Amino acid sequence: MTGKTIKKSNNNIINIALAAVVALLLQPFSSWAQTTATHAATAQDPDLTYVPRLQRLAERLLENRQGSIVAIRPTTGEILCMASNTLKGDPINRAVQATYPPGSTIKAAQLLTLYSEGIVTRDTKVACHRGFMMGGTHVGCHYHASPLSTVQALAQSCNSWFITNFIRMIGDTTRYGSRSHAVDVWHDYMTSYGFGTKTGVDYGGEARGIIPDSAYVNRKYPKFWNARTIGYIGMGQGLITVTPLQLCNLAATIANRGWWMTPYHRYSTAGADPEAYINPHRTKASPAAYNIVIEGMRACVKNGTAKTIDDPRITICGKTGTAQNGGIDHSAFIAFAPMDNPQIAVCAYIEHGGDGNKTAAPIAAQIIKSYLLPTNTKSAPGHRKNAASAGLQKKSGSARDTQKKVPANSGAKKAPSPRRK
């Protein structure tokens, strides 16, 4: 090798090293620039339903975390913010396209079903001594008083209570005739809440998640299964997966006392197909079931697993979730507020974030407080556009017609005039 060749080779090595150093130095700037561009797009795109300051806050809360935050206006289905962050480099929107075990967040839906079916009453109690024994396997539970009745079982997120009563439902062959039919009845309730199917959100690649019916369970366990085999479903583990958007939609459904609207994040999409966005989806759960679940979710924040986020200014109703996944637990939280005339429903799902009350709950609480307790208190929660300006009306109707679509006795109140904040 000649001296000129060696010198050229050394220059190449130096140039490569300098390029690497420059790339490292510019990495924070690149990330900042990308975030700034997202903020600018959100602020400048009048078609988005996002509230810009909520979207900015959600993105900031996800910095250095992998997961998603999504918030919905319950009475309309408008997505108030939807942020997703990845540390792996994959481009998916984790709120819509990623599926996870729901953990204890799903207990709100389980209670809706169990109470509606008469499997449990307000006074149903289950003893819990730090967990539940199932087929020789101990399913742990955090320390709490024992036994707990229904409202406090939800507030304290008792695994023993929910596994025991889920198994009671699936194993009740006197009521349902067979375990397979019991699973199918449970499945129909869960799909009515928006799980196991696409919500219809105007965002491509929406995942369905898994809500097993009897055919699915029979495929998984072709030789034999019983109620205990699938008992983990009662606490949101095992053969069940959901998206964060579906969990947020569950919170909106409970806020509405039994119905939900197809979520959307672009006014133009909703305006182009108004029938899809003004017709509420009714669930199978009874009105009485919603009352007791709301009581339990309020108790969760007042004196239960999410008591650290309680704020006397807002009546937040929530449910924590800590989802096992083979590594550090995922942290999840769903909530809506205020308890009466709800304005916002939220889900925060943080991968490997640990306990739901420690990571996801404080994040969701910040979103709720930012929306309901704005710096400018003269501005009421809402959006720039209303249903009429989005085209969500029939040809001969007005924006008020969208309110007539709400089921009677649903407990919903007329939404405030939308304004962007």
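C128 is buried, with a relative accessible area of 5%. The structure is a predicted model, and the values below are computed from it. C158 likewise counts as buried, at 0% relative accessibility.

**Cysteine pairing**

The cysteine sulfur closest to that of C128 belongs to C158, at 3.8 Å. A disulfide is a covalent bond between the sulfur atoms of two cysteines. The cut-off for such a pair is within 2.5 Å, and the sulfur of C128 is therefore too far from that of C158 for a bond. By this rule the number of disulfides is zero.

| Cysteine | Relative accessible area | Closest cysteine sulfur |
|---|---|---|
| C128 | 5% | C158, 3.8 Å |

**Packing of helix 3 and helix 7**

Helix 3 spans residues 107–116 and helix 7 spans residues 179–192. The two helices pack with their axes 10 Å apart, at an angle of about 125°. The crossing of helix 3 past helix 7 is right-handed. On the helix 3 side, A109, Q110, T113 and S116 make the contact, while helix 7 contributes W186, Y189 and M190. Of the residues in this contact between helix 3 and helix 7, four are nonpolar, three are polar and none is charged.

Terms used: Residues are numbered from 1 along each chain as its sequence is written. This is a predicted model: local features need pLDDT of at least 70, side-chain atom pairs count only at pLDDT 80 or more; totals for chains, interfaces and linings use all residues. Side-chain values use heavy atoms; hydrogens and water are left out. Buried means under 20% relative accessible area, exposed over 50%, partly exposed in between (1.4 Å probe, protein chains only). Axes are lines fitted to C-alpha atoms, for helices over the stretch in contact, and angles run from 0 to 180 degrees between N-to-C directions. Helices (H or I, at least four residues) and strands (E, at least two) are DSSP runs, numbered from the N terminus. A crossing is left-handed if the near helix is turned anticlockwise from the far one by less than a right angle, and right-handed if clockwise. Contact means heavy atoms within 4.5 Å. Ala, Val, Leu, Ile, Met, Phe, Trp, Tyr, Cys and Pro count as nonpolar, Asp, Glu, Lys and Arg as charged, and the others, Gly among them, as polar.
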